[in-house]
Amino acid sequence: MTGRVLARAALAALALGCGVAEARTVDYQIDAATLEKVAKDQLDGPMSPAPARGDMDLAFVADPATDHVAISAGMGCSAWKIENPVGQMLKPLLTAWDRDGALSDAGTAGVVTLRLNRASSLNRCVQLEEFDETCIARVRLAGTIAYVGEDGATRELPVAANIERSGSIGAFCSNLARFIGIVSREAGIALIDDARTKLASLENPQK
Amino acid sequence: MLKTIVALALAAIALPADAKQRRVVEPLPAAIVNNNHVVAVEVSISPLAQEKFAKFEAKAAEKRAEARLQPVALDTQFAARPGEDEYATLPFQKMFPLVMEDVTREWGLKGGQPIKLVVTIDTLKTANAAMAILLAPSADQLAGIVEVVDPATNASLGSFYVDVINSHSGWGGMLMRGGGVREKLAEEFSLESARILAGSTKKDLKARQKQREKEAKERAAAEGAATTGTR
């Protein structure tokens, strides 16, 4: 009897992923084809395309605190500690937007600088029905876009993104980090869209 | 499918029958913890949960009709605050704010910074009776995110997440569960919220419960004395 109880307890611990906060880091180095495939599997709704090529030279600076640990709320998968280095996520997206596909150094004349000041991610997994679990990730990014005005003075505009998407993470929370990465990428694209829109309104001021 | 069933069954051994979780996402300023009172509660339902909610709302409307009460829509303004006995007949988005206000007041949150709670519900799920009786425990769940807002400026003061899960298994479990599941979940959600708003610790929890019981006795005694006085 004792042996059976112990075996059940051991199996229960395994089923819960041992209940220990194991750390995982979102991997932003995966190739585009793999990203597209996993997004199709995990994300509810379509994945946004990478930013279109722009006509500006860009630089990127991130506050070190923006590489953060995602908050996992709720009962599902909350034992997992997911590190989210969003700086790594934004660089290739900005490179796609950059005029010549190569980021410049911040402070270089004629270069527009995106500065990331704050980032946070929140994930929660809930049951909608028996055997129908979904996860919802929210990623918030905030920063500034610095450009040189007509008078030669450097000006900054605030930019922000607040994206929430739902999706699946597989059995035993196995693809949680990947899901958070996919939603973070959506937030990165939204941040760049915000920056692009605000810069475009400057180039075409309303009279 | 089999793996999921086995995992659920094993998880039921490990998870307590009444697991609750609250998690602070953005901490409240220290000055307003245990120094606030709820003046308004706005509830919205996440798009993922809306389809399920339609069924709950239909059931509440049915109960209201059976009780011969005037129908209530989301934009209905109450002439008088509905009593607790009416809660089961109200739409969730009308019932939940009333429960939250009741519970936070009972927790002594009556003064200090006025706050508005903006609640987004991720899921409201009830236990599957057939599964609970025949196969593995099934759970009632209510989960959502609560943004605490200054009602004067709409500035965010903080936020937290609440996930209430009550598991049930077997005939006994389902019988003990009883009715009014939606209202019970709302009350437990509100209790977890009150604990965060009050900055409550375990020790503090016992003291508050004793205080609530004492106030309830005093109220009952006062009502009894008033009744005797009028005879």
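## Helix α6 of chain B

The expected span of a helix is 1.5 Å times one less than its number of residues. In this predicted model, helix α6 of chain B covers residues 181-197, which makes 17 residues, so a span of 24 Å should follow at 1.5 Å a residue. The C-alpha atoms at its ends are 24 Å apart, in agreement with that expectation.

Most of α6(B) is covered, with 13 of its 17 residues buried. After the helix comes Gly199(B), which has a positive phi near 60 degrees.

## Strand pairing around β5 of chain A

Strand β5 of chain A (residues 112-129) pairs with strand β2 of chain A (residues 58-62) in the parallel sense, over five bridges. Here Thr113(A) of β5(A) stands opposite Ala59(A). Strand β3 of chain A (residues 67-73) also runs parallel to β5(A), joined to it by three bridges; Ser72(A) has Asn123(A) in β5(A) as its bridge partner.

With strand β6 of chain A (residues 132-148), β5(A) pairs in the antiparallel sense over 15 bridges. Ser120(A) stands opposite Arg140(A) of β6(A). The hairpin of β5(A) and β6(A) has two residues between the strands, and Phe131(A) in this hairpin takes a positive phi near 60 degrees.

## The largest nonpolar core

In soluble globular proteins, nonpolar side chains tend to be buried together. The largest nonpolar core in this model holds 89 residues, and Leu176(A) and Ile180(A) have the most contacts inside it. Helix α4 of chain A (residues 176-203) supplies the largest share of this core, 11 residues.

Apart from neighbours within four places in sequence, Ile180(A) is in contact with residues including Val26(A), Ala70(A), Ile82(A), Ser121(A) and Ala137(A). Asn123(A), the bridge partner of Ser72(A), is likewise in contact with Ile180(A).

Terms used. Residues are numbered from 1 along each chain as its sequence is written. Chains are lettered from A and ligands numbered from 1 in the order in which they are written. This is a predicted model: local features need pLDDT of at least 70, side-chain atom pairs count only at pLDDT 80 or more; totals for chains, interfaces and linings use all residues. Helices (H or I, at least four residues) and strands (E, at least two) are DSSP runs, numbered from the N terminus. A residue is buried if 20 or more other C-beta atoms lie within 10 Å of its own, exposed if 12 or fewer, and partly exposed in between; C-beta atoms are placed from the backbone. A nonpolar core is a set of buried Ala, Val, Leu, Ile, Met, Phe, Trp, Tyr and Cys residues joined through C-beta atoms within 7 Å. Two residues are in contact if their C-beta atoms, placed from the backbone, lie within 7 Å. Two strands pair if DSSP finds at least two bridges between them.
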